[in-house]
Every structure is written in structure tokens, then in C-alpha cells.
Amino acid sequence: MRWTDFLERRERRAMDASGAAVELGRGEAAGAASLLCPWRFASHPDLLGVMMDALRATESQPAHRWRALPFAPRSAFKVPKVDDLPEFYHRREAGWGLTARSAVDPLAWTLESLAFFAEEVDLRERAAFTTRTFATRPDRDDACRKLWAEWFRTGFADRDRWTRLFAGPVHEAAKTALLARKYPSSVRDRLLGSAPSAESELSELAYDQLLFAPSDLPGWVDVATRVVETGGANPVDALVGSLDPAGLLVAGHCAARRGHWADTAALLAEDCDLDRRGDRVRDQVSRDPAWAHGLVDLHTALRLLTMWALPNSGDPDDAWVSIRSNRGRARGRLRAVLARGSRDRLRDGVHSVPGLHARTSQALSRHVYRWFMDNDNQDSPPSPGQLATPLCASVSLVPFAAEDVPAARTWTLLVVLRGQLDRLERWVRSGSTGDRDTRWGELLATALPPALRDPGRPSDAEGGHRRLRSWLAAELGMQLERELPRLAAIARLPPDAAKMPGLRLLQREWDARVPLPSGGFPAIVEAARLALAKLGRADAEELT
Amino acid sequence: MKRQVTEGELVAYVGGMLDPGEAERVRAELSCSGSLRQQLAIVIATRQLAASVEAANDPPREARWHIPSPGAGITAFGVRAQVQAAVFGGSAGPADGVAAVVRPLGRFAVTLDPSAGDGWVIVLRERSDGWGVVFPPEKELALRASELPLRGRDRVVDLAVGVRPGDERWCVVVFDGEIDWTLGENERWEALKARLAKRQVPVASLRLRVLADDDDA
């Protein structure tokens, strides 16, 4: 893309957004709908209607520096040294450091930003997937097909043949994760010390991971769903297209109940109870599978509106992290539904894709990579069974009264700000942090409000927190995403003078039942930075 | 604040682990930033140093021993027993899968809890040419778990490392099938190998680090 093209495109979008905002104020939605058309919800009237209502009801409060990004005049830009910008160049970057000279209509800003991210989502989350190729190699594809048939028939595939076929991809994926997460060299050397082969310790470990079946979901089933995920124009369409009516029902009820998805589903069917909402989602997707992708886009865009309604919001990086997290979670949940559905259907999905060996290599690589990346204890390789995409929690598992949820959210934020996010994740996953850290112990013993402890149970670490763990298992990822703007604001504070502004940020939304930090703000700033680094990684697929 | 491409993302990019859209974004950032390209060169060099890349596509051979990684949770595979190792006269190992650091010829023990059953006790050790059975060497010396000495409720397999400094890998299996001693070395263990591959037998493996004589344990 040439620099002048970029400027013209940007100006056109800003102008269209300003016009559409005025029209929308008069009750005319055509301009806004046209601007948002790359979002998939825009081609479904019911979904588009929800978005228009949300736009009218929500006012964005972007920070001063983010207002200028779409609206600063052409003359304010420094011309870059390279005229021919790559297509994927992050086009917001050109406006960094500009300031808005005049007042900006919040609705115009919102529409322009949504239009910008619509293009980004279309380009990066859909079009980019169509560029992938999976080579067909008849001999290897046949061998692979036979092995998959064994997995589905017996839950076990010839260990020697499987590991011989996939030792290389497993080795490369593990190596990437070992380096990316900075495992100690002793672990790296131990696992990578020999050339990749069916004989290596790494191959044994990776195969055991496929055999292992936590909650009756062995690793090979997850790999199978990842193979199916490669089979369509993009992962969401491929997964939705693979669900049978029962799977669609589970996915629909999941959407009606889970975290912020419940808010989105409620906007679509306010007059119904949760079961009816789930049924409606299922019915809509059954009639028109493309509607599901529209719903994913609607949910993603509504989350952006919620983020931007916070004061001093609007950081495009935060927005992109939110988009990636929401879409990644949707993919993860759809895979989980597919994995727990009909094995025959899953098998048919695996067998139907061309280039099966190449797709299996990629699916297995992604599985092994995530398994190593999500390992909490980097002093040793991950154990088999640590990776499992959880299915939606049913409403009966949401354990707190509505009035106690704010306390749970606040306590979770406190844990993150005290630098205990890794321990929290370990505790949620396994019920133990694996150590006896006193800071963690204090957070559980003294900072946790009594309402969040199990009623009638001793409040020890083992027995008194089942409801809290259940809630966190379903909600932690979304709670962290919800706190991204606040964490980012805290991370930007100068550590030496963080206390007063930090307290102001926290007090904006802090449940009084949880003790507000009174000191240790330099460490809080550092903890916020570490948490952001962890949450903002671009390859984040599932923040459980 | 502009979020830069992180080192972790660069590593994932080089390893092909990013979704296509994210990979394109990193590629675009690389095309615009010389310093990022320098970082990329370091990542690639580190990756090349970490290990070789080419997959060995070795031809099929006779059925292999599939030994679990040290520390893998064997009870996870539906096997009730977990075999534990205890080491005498050494020190606890570093947290990289080494069970213990021991002197040459140092002793160690593997304990079998009662749920391991009363099958044949098979001990394997990894040699330069792969895993091999070191016990029982012949039919007359074979032992069932119930014939081993008791320590509390557990049975104890006493073993000793060799004299050469370096890491040693050992494995103990309790096999409740029959061993056909009339068969040759390669065929005798086929049934056990098949059960072991499916993780259907109580098994544990451990790695021990043998010190040179002049090192401190």
C-alpha cells in the first residue's frame, strides 16, 4: 500500500464515520451499516440491529491521545522513509504521537475505530487463513489416514509409526515453546539434545500426552479438532460447519450462559430465559451457519464498545488483544464442543480434508506448542494431561450470588496486582499452587471476603474454595480481559510515584469487602506489566 | 504506548506457531524495522544452536521399548500403582527430571506399592543402542513382586548405578503376563512392549546423574 493511498483511505473512513454518526443521531443507520460491513454481523439484520442499539446507548471515552489517530489532519503526519507500506502494516502506527486539535464526536470516533478494526479482523483473522496451503503427499496422507482410523477405533494408534511420522513436527513445536517461554537450558538440552526421532524422550512424552484422558478427553481428540479447524476458509467457519445438531445446541447454550457471551445473547433475546436463548442461537445457526460467525463478530465488537466506554480508554493495542482473546476463546470453545460430540462426525471431518499429513502435522504442532506454553512449572517439561480446552460451565456451576461477583472480580484483580497470576492459574487448574508461598496464603486467608468462601466448610486452602475455583475456571480469562485497560493504565505509571494515581484507578471500581492495597505500588506496577506481557502475547489462543 | 513485537512472538514466528494473520503482522513489522530484524537474527541463531532441525525418518525396526519420560504421571493411564524411587547416599537432583545425583556405583531403590500387583519385576536400562532388559537375565532369576523385600507396605527393588559419570536412565515395570523364555531376546518381550506402549502396566522411569569421583554430590 502506498503512503498516499493509506492517507486517502484513512481520510475517507474518517469522513464516512463523521457522516454516519450524524445520520445515526437522526435515527438513520444506513451509513453506519455500510461502514461496518466487513464485520460479519452486518449482513444479518437481527445482529446489525443489536449493534446499532448498542452504538446509540454507549458513549466511548477515548483518551486524548487516541482521539487523534483517525482524525488528525494529513499535514500532521511525518512522511515515512518507505513509501510502499506492506499490506499488513499496522496502519494505526502512522498516527502515533499526534494530538487532536479540535473536539471529536465520540460516536464518530467509535464508528471509525470499529470500521478500522473490521478491516483488520477481515484481513488478519479471515483472509490470511485462505493463504495457507497444505501439500498433498499420497503416501504420507494414506499412512496418516490409517493411523487416524486406529485412533478413532481403539483410542490408540501404532506408537512406532505415529512417532516416526511426526517426530519432526513435535520436535520443532517443542523447541519453539521451550525457547519462547525461556525454559532453563537443562530442560531444553534434555529434550532437544538428540535429533528428533521416534526414539527420543520427547516423542514418548508427546505421545503420552495424546493418550492421556483428563475428563475423558484424550489429547488425540484435541488434535483431531485442530485438524478439522484447518478444513474451512477460516477456523470459526470450519468448526461451526462440523457441529451436528446436538453440538449446535451445546454451543448455543454455551453462548447463552458464559460470561460476557451471556450479555450478548441477552441482547438478542431479552424476553427469554437462558434455555430459550440457547435454543434460539441453535435454531439460527441451524438455519444459517454463517450467522454463527456473525455472532462471534458481534460479540467481539460489543466487547470493544464496553472497553471504550471506560474513561481514558481507546488504546488500539488493548483493542487488538481483546479481539484476539475473544476470537481465540470462541475457537477454543467450539473445539471443545466438537471434541465432546459425536466421534463419528469428528472422524468424518478428519478424513474429509485433503493433505491430511500436512494438516495433522500442523494440528499436532499447535497442540504440543500450547501444551508446553501453558506449563506453569518451567523447571520441568509439562506432564501429560495438562492441556484440555474446557467446555462451557453450565449455569448451575456459576456458584455466586450476583451481588458477590464484584467481590470475586476485585479479589482476582488484587491477586494479579500482588504478582500472583501464575499461582492463581495453577491453583485454579489443580487446586494447588505447588508451593507454600506466604503471599498467596495471605491472599486466600485474609483478603478473600467470607461471602466467597464455601458455606459450611472450613476455610482452609483445600476445602473452602470450591465455588471460587469453579467460578475462576470458567471466568478467569474474561475477568482478565475485562481488566486490561486498568492494568495497562497502572503499568504506565512511574513506579516511584504510583501510589496516588494507582489508588485513584483502583477506587474507580473496587469492592469494599476486599482490602484496598495501601502500599507496595512499585511492585504493583511491575506486576501489572508482567500480567500485561503475559496476556498480550500475540499467539494467545485460549486464556482459560 | 506502542506494543512492540516481543521476543516470544519472534520465536513463535520463526517456529511457524503464529496464526497466519499474526505472522503477517510480524512480517510487516520486520520489513519496517532494522532493529527488529537484528533481533530476528539472534532468535534464528539461538534456535539453530538449540538443536538440529532435520527429522530422522528412520525405517521401521522391531517393536521398540516405549519408556515414559521421567516424572510423567503414570497413574494417569489407568494404572493404579505408581513406582517411586528412593536414593541412598546421594543428593536430591536438580529440577530438570534428574531424580538424584549419586556417586559411581551408588545405590538407589524403586518401591512398589501393593496396588502394583504381583507380576514379574522387569528392570530396563538405557544404553547407547537403546533400552534393554537388565533384569531378569534368565528364567531362574526372575522374581515376582511378592518375592522382593518389604519396607512397610511396599516392596523394594535395590539397584546401583554404573561407574561412568553422566546421566543414566532406568525403568522398572511390573508385568502380570507370562514370559516365554523359549523365545529369543528380541521376541521374548513383545507382549510386554505392546502393553507398555499402551501404558497398561505399572511403570516408572527415572534419570540419575552419576558424578565423577572428584565432584561433590
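## Exercises on aromatic pairs, a hairpin and a helix

Over all chains, the structure holds 18 aromatic pairs. Rings of Phe, Tyr and Trp (its six-membered ring) pair if their centres lie within 6.5 Å; planes under 30 degrees apart count as stacked, over 60 as edge-to-face and the rest as tilted. This is a predicted model, in which local features need pLDDT of at least 70, side-chain atom pairs count only at pLDDT 80 or more, and totals for chains, interfaces and linings use all residues. Residues are numbered from 1 along each chain as its sequence is written, chains are lettered from A and ligands numbered from 1 in the order in which they are written, and side-chain values use heavy atoms, leaving out hydrogens and water.

**Exercise 1.** Classify the pair formed by Trp148(A) and Trp162(A).

*Solution.* Start with the geometry: the ring centres are 5.7 Å apart and the planes stand at 85 degrees, so the pair is edge-to-face. Next, place the residues: Trp148(A) belongs to helix α6 (residues 138-154) of chain A and Trp162(A) to helix α7 (residues 159-180) of chain A, so the pair ties together parts 14 residues apart in sequence. Helices here are DSSP runs (H or I, at least four residues), as are strands (E, at least two), numbered from the N terminus.

**Exercise 2.** Find out how Trp151(A) pairs with Trp162(A), and whether Trp151(A) is buried or exposed.

*Solution.* This pair is edge-to-face too, with 5.4 Å centre to centre and 90 degrees between the planes. Trp151(A) lies in α6 and Trp162(A) in α7 of chain A, so parts eleven residues apart in sequence are tied together. Now check burial (buried is under 20% relative accessible area, exposed over 50%, partly exposed in between, with a 1.4 Å probe and protein chains only). Trp151(A) has 0% and is buried; Trp162(A), at 3%, is buried. Finally, zoom out: one aromatic cluster includes Trp148(A), Trp151(A), Trp162(A) and Tyr207(A).

**Exercise 3.** Describe how β5(B) and β6(B) are joined.

*Solution.* Strands pair if DSSP finds at least two bridges between them. Here, five bridges join β5 (residues 120-127) to β6 (residues 130-135) of chain B, and the strands run antiparallel. One bridge links Arg127(B) with Gly130(B). Two residues lie between the strands, which form a hairpin.

**Exercise 4.** Name the buried residues of helix α1 in chain B, and the residue with positive phi that follows.

*Solution.* Within α1 (residues 7-14), Glu9(B), Leu10(B), Val11(B), Ala12(B) and Tyr13(B) are buried. After α1(B) comes Gly16(B), with a positive phi near 70 degrees.
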